Amino acid sequence: MEAPENFEETVSNYTPRMAGTVNWGTATVIGVFAGLLYGGSREASASVSKDAEVMLKLGSTADKREQHRLMRDAMEKRFVRVARGSIIGGVRLGMFTAAFYSLQNLLAEKRGVHDVFNVVAAGSATASTFGLMMPGSLQWRARNVVLGSVLGAAICFPLGWLQLKLIEKANEGNVAANPVSEASGGVGAAIERLEGNLNK
C-alpha cells in the first residue's frame, strides 16, 4: 500500500516595498562611507597645526637620526588620528542613517502610506535619540532631546517633501515609458516585454 502524499504549501512572508521607500541597508553603507570620508578629512585638516609644531622641532634639532625619529613619530600619530577619526565618523553616520531609514520604512509599512510625515517623524525621533546619547548632565541631555526633535522635524519636512516630488516625477516617467497593457502577468507579459525590448 502506498502512503498518501502530503504536499505542504510554502507561505511567503515577502511583502513588496512601497514606492519611494529606501533600502536601509544600501543607505547605511553609503552613510558609513560618507562618515569615513568626513571623519578622516576633518582629522586630517585638524592635524595641520600639530605638523607645524613638528617642523619647529625639526629646525631646532641638528642630528639627522633625531629628525628622522621625530618625522616618523609625527607621521604615525597623524595616521592613527586620521584612522580613528574615520572609523568614529563612519560608525556615527552609519548608525544615524540606519536608524533614520529603518524607522522611516517601518512607519511607511505600518501606516500603509509613504508621505512627508514618515520622514518628519523618523528625522525627529532619530535626532532626539542621538541628542539623548550626547554626553552631559540630565538637563543638558533633555535640552538636546528637545532641540534634536525640533531640528530633525524642521530639516526633514522640506527634504521629505522634495523626496516625494522626485518620486512622483520618476513615477510619471515610468508610466509614460511603460504603458500598462492588458496582459499584466504570465507569459503574455513576458512576450510583450521581449517585443518591446526588440523594438527599441
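## Contacts around Ser124

Two residues are in contact when heavy atoms of one lie within 4.5 Å of heavy atoms of the other. By that criterion, and with residues up to four places away in sequence not counted, Ser124 touches Gly148, Ser149, Gly152 and Ala153. The model in which these contacts occur is a predicted one.

Ser124 lies in helix 4. Buried means under 20% relative accessible area, and Ser124 has 14% relative accessibility, so Ser124 counts as buried.

## Overall make-up

The protein chain contains 6 helices and 0 strands. Read from the N terminus, the order of elements is α-α-α-α-α-α. The chain has 200 residues, of which 24% count as buried. Its accessible surface is about 15,000 Å², and carbon and sulfur atoms hold 64% of that area.

Among contacts in the chain with a separation of 6 or more, 66% are between residues 24 or more positions apart.

## Annotated spans

An unreviewed UniProt entry lists residues 22-40, 82-104, 116-133 and 145-164 under "transmembrane region". In the model, the span 22-40 is 89% helix and 0% strand, with its end C-alpha atoms 27 Å apart. The span 82-104 is 100% helix and 0% strand, and its end C-alpha atoms lie 32 Å apart.

## Helix 1

Helix 1 covers residues 24-46, which makes 23 residues. At 1.5 Å a residue the helix should span 33 Å, and its end C-alpha atoms are 32 Å apart, so the two values agree.

The buried residues in helix 1 are Ala27, Thr28, Gly31, Gly35, Gly39 and Gly40. These buried residues pack against helix 3.

## Helix 4 and its surroundings

Helix 4 runs over residues 116-132 and has 17 residues. From its first C-alpha to its last it reaches 24 Å, close to the 24 Å expected at 1.5 Å a residue. The helix is mostly covered, with 12 of its 17 residues buried. Among the buried residues are Val116, Val119, Ala122, Gly123, Thr126 and Phe130.

Asn118 is another residue of helix 4. Its relative accessible area is 1%, so Asn118 is buried. Apart from neighbours within four places in sequence, Asn118 is in contact with Gln104, Leu107, Ala108, Arg111 and Val113.

Phe100 is in helix 3. With a relative accessible area of 12%, Phe100 is buried. When residues up to four places away in sequence are not counted, Phe100 touches Val119, Ala122, Gly123, Thr126 and Cys156. The C-alpha atoms of Phe100 and Ala122 are separated by 5.5 Å, while the two residues are 22 residues apart along the chain.

Trp161 is placed in helix 5. Its relative accessibility is 47%, so Trp161 counts as partly exposed. Trp161 and Val116 are 45 residues apart along the chain, and 5.6 Å separates their C-alpha atoms.

## The largest pocket

The largest pocket has a volume of about 370 Å³. It is lined by 13 residues, and the closest to its centre are Arg92, Phe130, Gly131, Met133 and Met134. Of these, Phe130 and Gly131 are also listed as buried residues of helix 4.

Helix 3 (64-111), helix 4 and helix 5 (138-177) each supply at least two residues of the lining. Helix 3 gives the most, with 5 residues.

## Helix 6

Helix 6, residues 186-199, has 14 residues. Its first and last C-alpha atoms are 20 Å apart, close to the 20 Å expected at 1.5 Å a residue. Of its 14 residues the number buried is 1, so helix 6 lies largely in the open. For helix 4, by comparison, 12 of the 17 residues are buried.

Notes:
Residues numbered from 1 in each chain as written. Predicted model: local features only at pLDDT ≥ 70, side-chain atom pairs only at ≥ 80, totals over all residues. Heavy atoms only, no water. Helix = DSSP H or I, 4+ residues; strand = E, 2+ residues; numbered from the N terminus. Buried < 20%, exposed > 50% of the residue type's maximum accessible area, 1.4 Å probe, protein only. Areas by Shrake-Rupley, 256 points an atom, 1.4 Å probe, with all protein chains shown as cover. UniProt positions renumbered as here; feature names shortened; annotations may be inferred. Expected span 1.5 Å × (residues − 1). 1 Å grid on protein atoms, 1.4 Å probe; cavity = no way out; pocket = protein on both sides within 12 Å on 5 of 7 lines; lining within 4 Å. Points joined across faces, edges and corners; volume = space filled by probe spheres on them.
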